[in-house]
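Here is a walk through one structure, taken contact by contact. Keep the 3D view open as you read.

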Amino acid sequence: MFWSLQKLDLATQPMSDTLLCLRDEQWKHVRSVLTLSFTVARMQEMCPLINQGCDILLSNLQLFADSGEACNIQRCYACYTMDIVTSLAFGTKVDSQSDPDHPLVQNSKKFLELFTPFKPLVLLTMAFPSIMIPIIRRLPNKNRSQINSFFHQFIKEMISLRDQQPANERRRDFLQLMLDARTSAANVSVEHFDIVNQADVAAHVREEPSKKTTKTLNEEEILGQTLIFLIAGYENTCSLLSFITYLLATHPQCQEKLLREVDEFAQNHDGANYNTVHDLPYMDMVISESLRMYPPAFRFAREAAADCTVMGCNISAGTVLEIPIICMQNDPQYWEEPETFRPERFTAEEKQKRHPFLYLPFGAGPRSCIGMRLAMLEAKIALYRILQKFCFETCPRTQIPLQVFTGPTLRPKDGVYVKVVAR
Ligand code: HEM
């Protein structure tokens with residue numbers, strides 16, 4: 001059973017080329033190439049670029065610590081995750097806080113606005129998809145065409161620039177990994193696609209040097225995959241960090257425990273990277289509990305590929321099943337006092353006691369989130385760097401309880417206002 005949603009039928013290129021929209025053989029091919037870009041070794045390579053993004057984030061937070069003004073931290077995280085997207089996927093270092101008019105930032109924001117729900121046309125399409133989808137496909141959309149052509153041009157120029165550079169001078173980012181895949185014979189089979197439940201795919205890579213790969217990513221497909229970072233990575237990671245900050249500010253004892261862990265880590269390590277962040281177990285528990293209470297991707301879907309019977313229920317081929325992650329993760333039948341923030345639910349011992357499918361913030365199976373490692377790494381490095389210098393406090397503008405907005409994803413409705421205090 002593969003993930004596919006009715007609303008994705010609307011997608012046009014390059015959106016239709018992203019992994020999110022692909023199906024069957026084409027999906028398998030692109031997922032196989034991309035899986036190799038998200039291995040543990042690749043994550044380690046991304047750490048210097050993530051740390052560069054953190055440098056900018058910290059200097060923004062310093063301004064709030066100095067002034068004592070309430071900080072809408074969701075905005076700071078939005079800049080951080082945007083800078084990571086432009087750096088890792090588009091190969092360009094941008095400071096979106098100081099340079100919000102940068103064409104890459106502007107077009108990325110416009111691109112994301114195309115998916116804003118509750119526009120009248122979108123509502124009509126959701127209500128009458130069979131009538132509206134064919135109409136919308138034919139409607140000229142000047143805005144969309146302009147944004148698409150900006151990204152086409154941008155990626156085309158980046159690819160040609162990279163191809164002219166000597167190999168050892170090329171920046172190590174996701175764009176480069178995808179370009180390298182054009183000449184690689186490495187391959188991963190579908191049973192090793194599940195990043196969420198698997199240690200590392202690197203052990204399962206099949207190198208076939210004698211058989212040069214015939215199917216690699218073309219320019220359109222590369223553009224499609226860079227857009228994934230915007231669609232699937234940007235807002236989800238920003239929301240995750242915003243929810244964690246709210247929870248830490250409103251639970252000072254948990255924050256205190258995390259600060260102690262961070263200080264101890266700093267004494268024993270030379271910085272946070274993919275190989276060292278595992279030594280921050282309490283941080284991992286805090287993040288997991290935040291993802292339980294506030295999963296940014298709060299539901300996902302599967303379409304039945306064939307007629308089947310699940311627990312006595314007959315499901316016909318083509319039926320779309322919604323998996324309500326947020327309900328399962330907050331069901332009092334399985335989680336004691338689910339509304340209480342309790343990171344201790346995620347000790348190794350407690351995790352063992354539960355059915356693994358009661359907690360699915362990154363989905364499950366071969367179609368699970370390919371960016372999980374990256375999202376966790378971005379969150380952990382940012383939290384570690386922030387908590388070394390600052391801590392969070394509530395202030396009169398902090399909304400308690402936090403109101404959330406459930407559009408395509410779950411996010412704080414009116415921002416997350418906190419006081420940033422220098423340590
Ligand atoms: C906190 C951050 C994130 C959360 C909570 C999240 C969650 C999810 C969930 C629940 C799914 C559906 C899984 C399923 O159907 O089983 C998904 C799919 C996906 N995510 Fe993420 N995600 C996050 C960050 C990212 C990042 C940073 C990237 C990439 C850079 C990414 C790329 C993708 C892609 C490409 C898919 C579709 C995979 C496929 O269809 O093969 N995600 N994500």
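Start where two helices touch. M43, I50, N51, C54, L57, L58 and L61 in helix 2 meet R373, L374, L377, E378, I381, A382, R385, I386 and K389 in helix 14. Contact here means that the C-beta atoms of two residues, placed from the backbone, lie within 7 Å. Helices are DSSP runs of H or I with at least four residues, strands are runs of E with at least two, and both are numbered from the N terminus. By class, the contact of helix 2 with helix 14 has eleven nonpolar, one polar and four charged residues. Ala, Val, Leu, Ile, Met, Phe, Trp, Tyr, Cys and Pro count as nonpolar, Asp, Glu, Lys and Arg as charged, and the others, Gly among them, as polar.

A word on the source. This is a predicted model: local features need pLDDT of at least 70, side-chain atom pairs count only at pLDDT 80 or more, and totals for chains, interfaces and linings use all residues. Residues are numbered from 1 along each chain as its sequence is written.

Now the geometry. Helix 2 (residues 40–67) and helix 14 (residues 372–389) pack at about 40°, with axes 9 Å apart. The axes are lines fitted to C-alpha atoms over the stretch in contact, and angles run from 0 to 180 degrees between N-to-C directions. That angle makes helix 2 oblique to helix 14. Angles under 35 degrees count as roughly parallel, over 145 as roughly antiparallel, 65 to 115 as roughly perpendicular and the rest as oblique.

Helix 14 has another partner. Helix 10 (residues 252–268) packs against helix 14 at about 95°, with axes 9 Å apart. Helix 10 is therefore roughly perpendicular to helix 14. L258, L259, V262 and A266 in helix 10 meet Y384, L387 and Q388 in helix 14. This contact has six nonpolar, one polar and no charged residues.

Three strands form an open, antiparallel sheet in the order 1-11-8. Strands pair if DSSP finds at least two bridges between them. Strand 1 (71–72) and strand 8 (390–393) stand at the edges, each with a single partner strand, so one side of each lacks a neighbour in the sheet.
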